[in-house]
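Please look over the complex shown below before reading the report that follows.

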Amino acid sequence: MFDLLQYTFIQNALIAAILASVACGIIGAYVVVKKIVFISGGIAHASFGGVGLGYYLGINPMFGVLPFSLLSALVMGIVSKKSKIPEDSAIGILWSLGMALGVIFVYLTPGYAPDLMTYLFGNILTVPRLDLYLMLVLDIVIVGAVYLFYKEFLSLCFDEEFTTVQGVPTEKLYLLLLCIIALTIVVLIKVVGIILVIALLTIPATLSRKFTNNLKRMMLISTVFGIAISVTGIGLSYALDVPSGATIILVLSFVYGFVAVGMDILESRHVSKS
Amino acid sequence: MEKVIELEDVWVRYGNQTILEAVSLELKEPNGLLGIIGPNGGGKTTFLKVLLGLLKPYKGSVKLFGKPPEKSRDLVGYVPQYKGFDFDFPISVWEVVLTGRMSHTGFLKKYSDEDKKAAEEALKTVEMFDLKDRQIGQLSGGQRQRVFIARALATNPKLLLLDEPNTGLDPHMQDELYRLLDRLKQEMAVIMVTHDLSAVSVYVDRIACLNRTLHYHNSREISVEDLEATYQCPVELIAHGVPHRVLERHKGSS
Ligand SMILES: Nc1ncnc2c1ncn2[C@@H]1O[C@H](COP(=O)(O)OP(=O)(O)OP(=O)(O)O)[C@@H](O)[C@H]1O
Ligand SMILES: [Mg+2]
């Protein structure tokens, strides 16, 4: 097992797993407690347009995804709050619009689009160095923003109206939160891909909620869960030679199932005894 | 001395439906309790949201302490109407009450010792300091209501707005609430929206009736005409249980 660690691609995969777990542990907590899973899924899928754009322009698709996901976060945030159409319909429309754009861009790109599947389903075993640096920078931005705005984000997620009354520009803050979610999605794409991102954003956070009533501790615990589970997933996918992104999601789901069901059984015993 | 509230000819619409019509109100006294009564959908919550600057009237002007609502955030405390919160939210009583300090703390800063002291005092005022570490979902409805009152008090407001704060409180707790307001109104102006007419009759210093238009005469008496216009039904149905010293004598009857 340990001699595996001397391979560069394994080292890169482990670093990627840690960087991804930090981002999804912290931001996933917001996604779960503010119940914005759907809009986060929308941003993730819409950013496929950015992958297509990257191929079309002949640049690293990651640099297509970055601006595109930020743009879709802003558009979704503004449209879903301001327009007369119901929020979930607006998100649904933009979700598919982004993906459709991506498909068209890929189609228009001459020749073959290499690694397209990597962006859809992730492959942590092939993350290049450059992407790791990008992930690190994004992690620093994400952690910094949450550190600076912690009390505002907490209040925003709990009671938006009261937060406005306290003089906090809640609309801008909400857009900022969506942009940070967009950055998180960029960090996660190489690990599990656009299609599976939402699992990484929700499962560790939901799981950690079972162990604490404190948002900060929730972020910490879900980061630890994320690291442990994605490392397990990497090991399994290497040993069994199956796709890493999907394996990580399967491990996540299994652990969640066991812990959630186990704790519910324990709790119901508790209640029936007392 | 600045006037606490100056509302001039305020009109509010949702779509093409007029919710508030030509509402004017002047509140000079920096203390005392103003009760606002009115039927469901009469626009009471809307009225408070106008005062809080959450809703912009399409006509008219709103001033609190001589400034627009956006500039007087640190002077106003707000207890919203009981709503379906997410009580599973991972936040403690203490953290909730601290959010009432944000208008003082400012952006990008940590809560100061002064903020923590204000939050502690607010919690002690509503007798919830012992439960400060509880998660918000692990409280009873009435305890939670007290936490929201503490959150508003933590602001150290000069104007306290409460939207049906007695909802979900048992008679004993309601009585406690009214006595608390009785104390608070010595130091600040308090406005309470309520359906509890008998409480209104005992505790308030001034009464207003609101149903699209506001009937207010800077007194603790309601005229029968105002009541009937507000509720659009005969006064006997409304004033059931309201002591007569609140209800102005019917003109003509002895
Ligand atoms: N967001 C909204 N969009 C459209 N109409 C609204 C909205 N909020 C309130 N209304 C309408 O405005 C009117 C006044 O509502 P408001 O909440 O101010 O009533 P209220 O006096 O507080 O009633 P209650 O006693 O039931 O709390 C109602 O007819 C309501 O239907
Ligand atoms: Mg109301």
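## Surface patch, interface and metal site

In this predicted model, Tyr56(A), Leu57(A), Ile59(A), Phe63(A), Ile104(A), Tyr107(A), Leu108(A), Leu130(A) and Tyr133(A) make a nonpolar surface patch of about 990 Å² (residues with over 30% relative accessible area and no salt bridge, nonpolar side chains being joined within 5 Å). Two or more residues each come from helix H3 (48-57), helix H5 (87-108) and helix H7 (129-148) of chain A, and H5(A) gives the most, with 3 residues (helices, of at least four residues, and strands, of at least two, are DSSP runs).

Residues are numbered from 1 along each chain, with chains lettered from A and ligands numbered from 1 in written order. Local features need pLDDT of at least 70 and side-chain atom pairs pLDDT 80 or more, while totals for chains, interfaces and linings use all residues, and side-chain values rest on heavy atoms, without hydrogens and water.

Chain A and chain B bury about 2700 Å² between them, 63% of it on carbon and sulfur atoms (the accessible area lost on being put together, 1.4 Å probe, summed over both). Of the 3 salt bridges between the chains, one joins Arg151(B) to Asp159(A), with the closest N and O atoms 3.1 Å apart (Lys or Arg side-chain nitrogen within 4 Å of an Asp or Glu carboxyl oxygen).

The magnesium ion (ligand 2) is coordinated by Thr45(B) (OG1) and Gln81(B) (OE1), at 1.9 to 2.3 Å (donors are N, O and S atoms within 2.8 Å of the metal, or 3.2 Å for Na, K and Ca; water is not among the atoms, so sites may look incomplete). This pair lies 36 residues apart in chain B, with Thr45(B) in helix H1 (residues 44-51) and Gln81(B) in the loop between strand S5 (76-79) and helix H2 (93-98).

Exposure is classed as buried under 20% relative accessible area, exposed over 50% and partly exposed in between (1.4 Å probe, protein chains only).

| Residue | Class | Relative accessible area |
|---|---|---|
| Thr45(B) | partly exposed | 22% |
| Gln81(B) | partly exposed | 30% |
| Leu57(A) | exposed | 52% |

Definitions and conventions:
Patch = residues over 30% accessible without salt bridge, like charges linked within 9 Å, V, L, I, M, F, W, Y side chains within 5 Å. Areas by Shrake-Rupley, 256 points an atom, 1.4 Å probe, with all protein chains shown as cover. Buried area = accessible area lost by both parts, 1.4 Å probe.
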